[in-house]
Amino acid sequence: MNITWLYFFKAMHIVGFTAWFAGLFYLVRMFVYHTEAFDKTSPEKEILIQQFHMMEWRVYKIICNPAMILTLSFGTAMLFFHPGYLKMPWLHVKLSLLLLLIGYHHYCKSIIKKLEKGKAGFSSFQFRLFNELPTLFLLSIVLLAVLKDNANFLLVFGGVLLFAVVLYLIAKAYKKSRGS
């Protein structure tokens with residue numbers, strides 16, 4: 001296969017996951033504001049909730065789903081032309097994280113449906129924390145893709161967990177500073 005096609009597949013894979021993560025970050029941020037809209041008074045409450053319903057579905061269907069499909073399609077194409085990667089331990093970990101990310105993606109859809117019924121399931125603070133999960137996925141997946149088998153997986157994930165704790169502490173401090 002022409003090397004130009006391989007670079008094209010990789011570039012499209014990167015574009016896909018960049019858009020996918022952007023969509024997930026934006027979607028869950030809207031969950032934060034949607035949840036806070038439940039505490040507003042009429043008519044502001046109804047107007048905001050209606051707007052968030054529309055925006056959440058649009059982001060999910062128009063950004064997240066196509067970007068996920070783009071990511072998976074071009075990632076699969078790269079594996080098809082480089083099947084040797086499937087023997088590498090780092091890729092097994094990356095694919096496991098990818099499955100968890102796909103689960104996160106679909107769980108977001110269930111949250112949209114719950115919010116439509118007026119059941120948030122989480123507080124706005126909990127959604128803020130939930131919004132940090134893609135950051136941890138992104139960090140882990142990119143580190144695996146860049147470092148491959150040149151890193152100690154336990155050390156890398158220990159660093160990611162430490163980063164998660166720092167994010168949590170920052171979120172708690174932000175919540176406290178808002179007085180909520």
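Predicted model: local features only at pLDDT ≥ 70, side-chain atom pairs only at ≥ 80, totals over all residues.

Q: At what angle do α3 and α5 cross?
A: Helix α3 (residues 89-116) and helix α5 (residues 133-147) cross at roughly 160 degrees, and their axes come within 10 Å. Helices here are DSSP runs of H or I with at least four residues, numbered from the N terminus. Axes are lines fitted to C-alpha atoms over the stretch in contact, and angles run from 0 to 180 degrees between N-to-C directions. α3 and α5 are therefore roughly antiparallel, a term for angles over 145 degrees.

Q: Which residues make that contact?
A: Among them are W90, L97 and Y104 of α3, and F137, I141 and L144 of α5. Contact means heavy atoms within 4.5 Å. By class, the contact of α3 with α5 has twelve nonpolar residues, one polar and one charged. Ala, Val, Leu, Ile, Met, Phe, Trp, Tyr, Cys and Pro count as nonpolar, Asp, Glu, Lys and Arg as charged, and the others, including Gly, as polar.

Q: How do α5 and α6 pack?
A: The axes of α5 and helix α6 (residues 153-178) are 10 Å apart, at an angle of about 155 degrees. α5 and α6 are therefore roughly antiparallel to each other. Residues including L136, L143 and L147 in α5 meet residues including F153, F157 and L167 in α6. The contact of α5 with α6 has twelve nonpolar residues, two polar and no charged ones.

Q: And what about α1 and α5?
A: α1 and α5 pack with their axes 9 Å apart, at about 160 degrees. F17, F21, L24 and F25 of α1 make the contact with P134, T135, F137 and L138 of α5. Seven of these residues are nonpolar, one is polar and none is charged.

Q: Changing topic: how many aromatic pairs are there?
A: The structure holds 17 aromatic pairs. Rings of Phe, Tyr and Trp (its six-membered ring) pair if their centres lie within 6.5 Å; planes under 30 degrees apart count as stacked, over 60 as edge-to-face and the rest as tilted. The ring centres of W5 and F9 are 6.2 Å apart with the planes at 45 degrees, so this pair is tilted. W5 and F9 are four residues apart in helix α1 (residues 3-37), which means that about one helical turn separates them.

Q: Are those two buried or exposed?
A: W5 is partly exposed, with a relative accessible area of 47%, whereas F9 is buried at 11%. Buried means under 20% relative accessible area, exposed over 50%, and partly exposed in between (1.4 Å probe, protein chains only).

Q: What does F9 pair with in α2?
A: F9 forms a tilted pair with F74, at 5.8 Å centre to centre and 45 degrees between the planes. F9 lies in α1 and F74 in helix α2 (residues 44-81), so the pair ties together parts 65 residues apart in sequence.

Q: Where is K45 found?
A: K45 is found in helix α2 and is partly exposed, at 27% relative accessibility. Leaving aside neighbours within four places in sequence, K45 is in contact with A37, F38 and K40.

Definitions and conventions: Residues numbered from 1 in each chain as written. Heavy atoms only, no water. Helix = DSSP H or I, 4+ residues; strand = E, 2+ residues; numbered from the N terminus. Parallel < 35°, antiparallel > 145°, perpendicular 65-115°, else oblique.
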